[in-house]
Amino acid sequence: MLTTTLESYLDDRISELTLEVRQEMLREIGNPDSYLRDQLIYGSFGKLIFSEQLNAEEIQALLGAVIQEDYLCYGLGESGTDSVFTRSFSALVIAATIEYDIEKKVVQQDLVQQTVHTVIHYMMEENDTRGFIEGKGWAHAIAHGADALDALAKHPFLPKEDVSRILQVVQHCLCRRVDYLDEEEERLAIIIASLLERQNAEQDIQAWIEGLTRMVETQLDENAGAIDAYHTKRTVKNFLKAVYIMLNSKEIGVESNKDIFQVLEKWMYLR
């Protein structure tokens, strides 16, 4: 039974997993049982990856599998169905694999770039924004997708032209008509810090912040009193607060953070 096998693996009672078990883990990656999906399957994928029990070919095969339509894009466009778990936990495995590859450099460049494009597509089309689902655990598709984008934002193979596409995805997520409840804004904020730290993207980010805040203020002006416009401003403000703290803590993005502070100072009526 998969549950028993993975419990034994995570408790170090068995030292490795067979190919057949790994394939079953993939088939069950979106199982609605949160214990099996989150604790056992995702936990075991993490252990397999970071304890270097997979060789370069197996790492690439795993990444190549989870970016396919039956995984990251399974049921894409649906909302309120269990298909979200397959998409969301595929995104987490992508994040783990790319994080591993940043240091180990075993994934071919074209596969990394294919992953960038697939994750961007996924994040633009994901409609299920639920966080924690009673009885089934975390879906958290936006947060898990943000984790995948963050890992890719740090990867040396990220094409320069995809920096702006990633920023577009972040803006899309922030400006959706949804009230995030489970710290999705903070997970999106990490992407900005990674782009600044790894991709020399300060000018891109400064221009993007200016455009984002101008768009929010235009929406407010044109839709005076509309609750959706107010909620978008609140989401973006929470996001900017998180970015500001992260950049301060990391001591990066000084010019971007000056711009962010000016926006927050204005939006929080401090001047």
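Is Tyr42 buried, exposed or partly exposed, and what is its relative accessible area? Tyr42 turns out to be partly exposed, with a relative accessible area of 27%, where buried means under 20%, exposed over 50% and partly exposed in between (1.4 Å probe, protein chains only). The structure is a predicted model, in which local features need pLDDT of at least 70 and side-chain atom pairs count only at pLDDT 80 or more, while totals for chains, interfaces and linings use all residues. Residues are numbered from 1 along each chain as its sequence is written, and side-chain values use heavy atoms, with hydrogens and water left out.

We may begin with the overall fold. The protein chain has 12 helices and two strands; these are DSSP runs numbered from the N terminus, with helices (H or I) of at least four residues and strands (E) of at least two. Along the sequence the elements follow the pattern α-α-α-α-α-α-β-β-α-α-α-α-α-α. A compact globule of 271 residues would have a radius of gyration near 18 Å, and the 19 Å of the protein chain agrees with this; the radius is taken over C-alpha atoms, and the globule rule is 2.2 Å times the number of residues to the power 0.38. Along the principal axes, the C-alpha atoms fill a box of roughly 60 × 40 × 30 Å.

Next comes the interior. Of the 271 residues in the protein chain, 51% are buried. Contact means heavy atoms within 4.5 Å, and among contacts between residues at least 6 apart in sequence, 73% join residues at least 24 apart. The largest nonpolar core holds 88 residues, of which Leu195 and Phe239 touch the most other members. Such a core is a set of buried Ala, Val, Leu, Ile, Met, Phe, Trp, Tyr and Cys residues joined through side-chain atoms within 4.5 Å. Helix α5 gives the most to this core, with 12 residues. Not counting residues up to four places away in sequence, Leu195 touches several residues, including Ala153, Leu158, Val163, Ile166 and Leu167.

A search of the whole structure finds five aromatic pairs. Rings of Phe, Tyr and Trp (its six-membered ring) pair if their centres lie within 6.5 Å; planes under 30 degrees apart count as stacked, over 60 as edge-to-face and the rest as tilted. The rings of Tyr42 and Phe89 have centres 6.4 Å apart and planes at 75 degrees, so this pair is edge-to-face. Tyr42 belongs to helix α3 (residues 34–50) and Phe89 to helix α5 (residues 83–104), so that the pair links distant parts of the chain, 47 residues apart. Phe89 is buried, at 1% relative accessibility.

Phe50 and Tyr100 form another edge-to-face pair, because their ring centres are 6.3 Å apart and their planes stand at 75 degrees. With Phe50 in helix α3 and Tyr100 in helix α5, the pair ties together parts that are 50 residues apart in sequence. Phe50 is partly exposed at 47% relative accessibility, whereas Tyr100 is buried at 8%.

Gly137 lies in strand β2 (residues 137–138) and is buried, with a relative accessible area of 7%. Leaving aside residues up to four places away in sequence, Gly137 touches Ser34, Arg37, Phe85, Gly131 and Phe132.
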